[in-house]
Amino acid sequence: MKNKPYPYYEIAPKIDSLAEMLEIKKNEMPDEVAFRYRKGKDGIEEKTYATFYSEVQKAASWIDKNYGTGKHIAIIGENCYEWLVAYFGTVTSKNVAVPIDKELPAGEVEWLLDKADVTEVIISKTYSDIVTASDKLKVTTFKEFMKAIEEEEDGYKLKAPEKNETASIFFTSGTSGRSKGVVLSHGNIVSEIYSASALFNPEGKSTIVVLPFHHTFGLIVAVFMSFNYGANIFLNKSLKRVKDDIIEAKPDFVMLVPLFIETFYKRIMSGIEKSDQTKKFNQAVKLTQALLKIGIDRRRLLFKEILASFGGNLKYIISGGAPLNTFYVKEFRKFGIEIMNGYGTTECSPCVAINRNHFKKDGSVGPVVVDTEVKVSDEGEILFKGPVVMQGYYKDPEATADVLTDGWYYTGDLGYVDEDGFIFLTGRKKNLIILSNGENISPEELEEGFQIDPGVNEVLVYEKDSKIVAEIFPEEEYFGKQEYFDELMLKVNEGRPIYKQVASVKLREVEFIKNASKKIVRYKNIPQ
């Protein structure tokens, strides 16, 4: 198919509630596997769509009896099946789920629980020491919860609240200040599940989830959207086993943030170099590219070993959560893996734009999702309006008013929309470096030049004493090689106007501080 507009996909049903989504899948494919995950040292547990529905029913029944309705229930823990049962049991019993990052210190968790008016916590025993039970806070471990719901009888009628009723409060990752509670309604979430899936066809039924469930990209897109497709979803519990789990899952598609993509690519290229296969690899690239020009695709055959490291079936990666350098899109395409670059923000449930299977543009985050509008302000800021846009920040009307006007969400991202409706991002409004001569510089633009170098693990560009500095955390074998990075700086500066040139490179020995979605937190890393 040529790269041009075509009708929306209708491969996933349009749903009015999460309860309806569960019921549809239970009725249409009761015996198909919904979730797979490791159990014990070598075992693999499987849960069908019918089994999951039954366990959610029991969970909702137990929560209704023990907590009532309208309560704010926090869910804390590693990615696991129990986490999902607790979440769906909460929202289908007409309560509000509050996912919390398990890696946060106890003091921060306490602040978030208070901020969100949480009265009940369902938590993994592994992380139970970060929450203290009290007269105002009931705490139940996943194990206790799953044991308790076994006693419930089938038949509980899952509740489908009104679309404007709150389903979840997700806390932002806090790249520019303290976390805010994003209020997503039932309507926001079900709109997201359908709107994004209408643009993308996974062309397969198997996926793996490695992104954290407390993050909207990991939960709503990677899990809920895949569930609505009717996929077989492998749950990765620990990043230490990502490599083995991907091979076990044999995914056709996967949702990732750029950090994973960059790491996978560097490992692939390092492996090729260490095995002295660089020449052979380059010859294979030239051959497959030449064959593609005459309509013959041999990439999956000639790069079989590379694809095997992803399970052998991977066709698509949906990238979101942070900007991805176009370099990686083009490189993965050489192997036969297409990266569908998208754009999302927690405040938009989260995915609000994505490149399509057969209508895409490198460098773009794609067209806006179904039923949502996009426009650019006079200042060049990207704005969205539609059913995926949040209700507001929980108990924070001032912060809400700062980003929502007449239903339009002001993203803080700069960019433009081309004649085909594709969105291109150029930087963050708040990240702009404003020099004394009045010139505005987007640090992301300069960072791109460094990121593709094999010696660079992470980079942050900022202004210090009226000069532009690139601070780099190198790959291990490049530690201390200041001269190497000074030469790289000259390459990055080449052809750029003087005001856009980096003046110096600073090397660091530890990673930058990052948030849950693996974005570098600028305000915590830039020296004051």
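Me: What makes Asp 64 and Lys 159 a salt bridge?

Reply: The closest N and O atoms of Asp 64 and Lys 159 are 3.1 Å apart. The rule asks for a side-chain nitrogen of Lys or Arg within 4 Å of a carboxyl oxygen of Asp or Glu, so the pair qualifies. Asp 64 is in helix α2 (residues 49–67), and Lys 159 is in the loop between α5 (142–149) and β7 (166–171), 95 residues apart. Helices (H or I, at least four residues) and strands (E, at least two) are DSSP runs, numbered from the N terminus.

Reply: A word on the source: this is a predicted model, where local features need pLDDT of at least 70, side-chain atom pairs count only at pLDDT 80 or more, and totals for chains, interfaces and linings use all residues. Residues are numbered from 1 along each chain as its sequence is written, and side-chain values use heavy atoms, with hydrogens and water left out.

Me: Why is Lys 159 called partly exposed?

Reply: Its relative accessibility is 27%. Buried means under 20% relative accessible area, exposed over 50%, and partly exposed in between (1.4 Å probe, protein chains only). Lys 159 therefore counts as partly exposed. Asp 64, at 21%, is partly exposed too.

Me: Why is the pair of Tyr 87 and Phe 224 called tilted?

Reply: Rings of Phe, Tyr and Trp (its six-membered ring) pair if their centres lie within 6.5 Å; planes under 30 degrees apart are stacked, over 60 edge-to-face, and the rest tilted. Here the centres are 5.6 Å apart and the planes at 50°, so the pair is tilted. Tyr 87 is in helix α3 (residues 81–91) and Phe 224 in helix α7 (residues 216–229), so parts 137 residues apart in sequence are tied together. Tyr 87 is buried at 0%, and Phe 224 is buried at 0%.

Me: What makes Arg 508 sit over the ring of Phe 512?

Reply: Its charged end is 4.0 Å from the ring centre. The rule wants NZ of Lys or CZ of Arg within 6 Å of the ring centre and within 35 degrees of the ring normal. Lys 180 also sits over a ring, that of Tyr 393, 5.3 Å from its centre.
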